[in-house]
Amino acid sequence: MWRVGWLVLASCGRIGFAELSVADAVIDTSETAQGFSQLEAHADQTCALYAGSAYCWGSNGASQIGDGTTMDAVVPTRVALPGIPTAITQGETHACAIVDGDAYCWGSVTDPIPTLITTPAPVTDISAGGSFTCLLADVVRCWGVNDVGQCGTGNMAPPAQPTPVAFAMAYPATSIDVGNDHGCADASDRAPQCWGHNDFGSMGTGSTTPAAVLVPGDVIGGVTTQPRIAGWHACALDAGTVWCWGEGQMGELGNGLQANSATPVLVAGLTNVTAVQVGGGPVDHDASCAIADGAVFCWGRGENGRLGNAMTTSMSTPVAVLGLPAAATSLGLGFGHACALLVDGDIWCWGRGDRGQLGDGNQASSLTPVKVVRPAS
């Protein structure tokens, strides 16, 4: 078995609007209480790590919860992994985790329980998308559906096993993130590279041609950190600010407009940002969130209350999420819901909840955050 260190995929950020001051909400984050440790969301389900195990909840029609059934889960349900997971990722109908440097995936109907993925080197990062997956094992490797080039292999043949991405410039990737039909890889001190379907300019390369991008190209505009990507848009950090690109018709680019952009645009009012997260699918479900000094702000599509501000209207600039009882450390966003991991180890979710994706024991949507039920110790 391959051995890797602890891998945490976190998202954080800050907003600078005076009327959204959160000074009273900021708490000491020097010590993080025991509890959930990593948060991931996609489509209508959510996953997290807790006490040495992986737990998922929400939609389970394709066995993406990993408990061997197809019944939706309204509270966190333990994934049957063979060891202690160090990372987890959630796709549209499947999920994956890293255990002792090995990758295990489940879901998409064919694998109701975790199945080992064969790789030639230890897996240090993994990201699940629509119907494909990418991992980092010496180089970026992808497999699954490849009808728009989302596996980045230089053609549209669907690889059955992890296959190296055909990078335009060879460089050692440090992290990866994939959405419904495209992916991006990051490396130190250079622009990220993206590949796949270029809907609305979602590659960030300046092109609006929707045709498949079979070979990765550079994100332009000075972005140098790993983009977080969803359905048809992406966001990344640069010097404490947030930049987004791709589809913006619901305000998900956060620049005060409802317009697409094939190049990164500055999110209005955000300063001192440390990370950002995005969510959405291929049918106008896109939204974005960031964390600022422990407070969460979201923008984009507001249907089902997914912005967490007690409203259902869409917003083209960040608005504060209401009612979180402690500082947030990371985020997970799906098609219609969002979640935040807090410093006390609890997870709170809001938005669409009809498949149990909010994890509070109900199948109801919520305009403001509700607390996820902790697994029994």
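How many residues lie in the hairpin that joins β25 to β26? In this predicted model, the hairpin connects β25 to β26 through 3 residues.

**Strands β25, β26 and β27**

β25 (328–333) and β26 (337–342) run antiparallel and are joined by 5 bridges. Within this pair, S330 has L341 of β26 as its bridge partner. On to β27 (347–351), β26 again pairs in the antiparallel sense, over 5 bridges; here H337 is the bridge partner of G351 in β27. The hairpin of β26 and β27 has 4 residues between the strands, and G345 in this hairpin takes a positive phi near 90°.

| Strand pair | Sense | Bridges |
|---|---|---|
| β21 and β22 | antiparallel | 4 bridges |
| β25 and β26 | antiparallel | 5 bridges |
| β26 and β27 | antiparallel | 5 bridges |

Accordingly, 6 of the 6 residues of β26 are buried.

The largest nonpolar core contains 20 residues, and those touching the most other members are V296, C298, L324, L331, A340, L342 and W350. Two or more residues of this core come from each of β22, β23 (295–300), β25, β26 and β27. L342 is in contact with L324, P325, A326, A327, A328, T329 and W348, residues up to four places away in sequence being left out. A second, separate core has 15 residues, among them A230, V267, V273 and V276.

**The open sheet β21 to β24**

Four strands form an open sheet in the order β21-β22-β23-β24, with antiparallel pairing. Its edge strands, β21 (276–279) and β24 (315–320), each pair on one side only. Neighbouring strands in this sheet are turned against each other by 20° on average, direction ignored. In the pairing of β21 with β22 (residues 287–292), V278 stands opposite S288 of β22.

**A buried serine in a loop**

S202 is located in the loop between β15 (193–197) and β16 (212–218). S202 counts as buried because its relative accessibility is 0%, the cut-off for burial being under 20%. The side chain of S202 reaches the backbone oxygen of H197 at 3.2 Å. Beyond residues up to four places away in sequence, S202 touches H182, H197, W232, W245 and G246.

Definitions and conventions:
Residues numbered from 1 in each chain as written. Predicted model: local features only at pLDDT ≥ 70, side-chain atom pairs only at ≥ 80, totals over all residues. Heavy atoms only, no water. Pairing = 2+ DSSP bridges. Axes fitted to C-alpha atoms, helices over the stretch in contact; angles between N-to-C directions. Core = buried A, V, L, I, M, F, W, Y, C linked by side-chain atoms within 4.5 Å. Buried < 20%, exposed > 50% of the residue type's maximum accessible area, 1.4 Å probe, protein only. Contact = heavy atoms within 4.5 Å. Polar contact = N/O pair within 3.5 Å; in protein donor to acceptor, adjacent residues only side chain to side chain.
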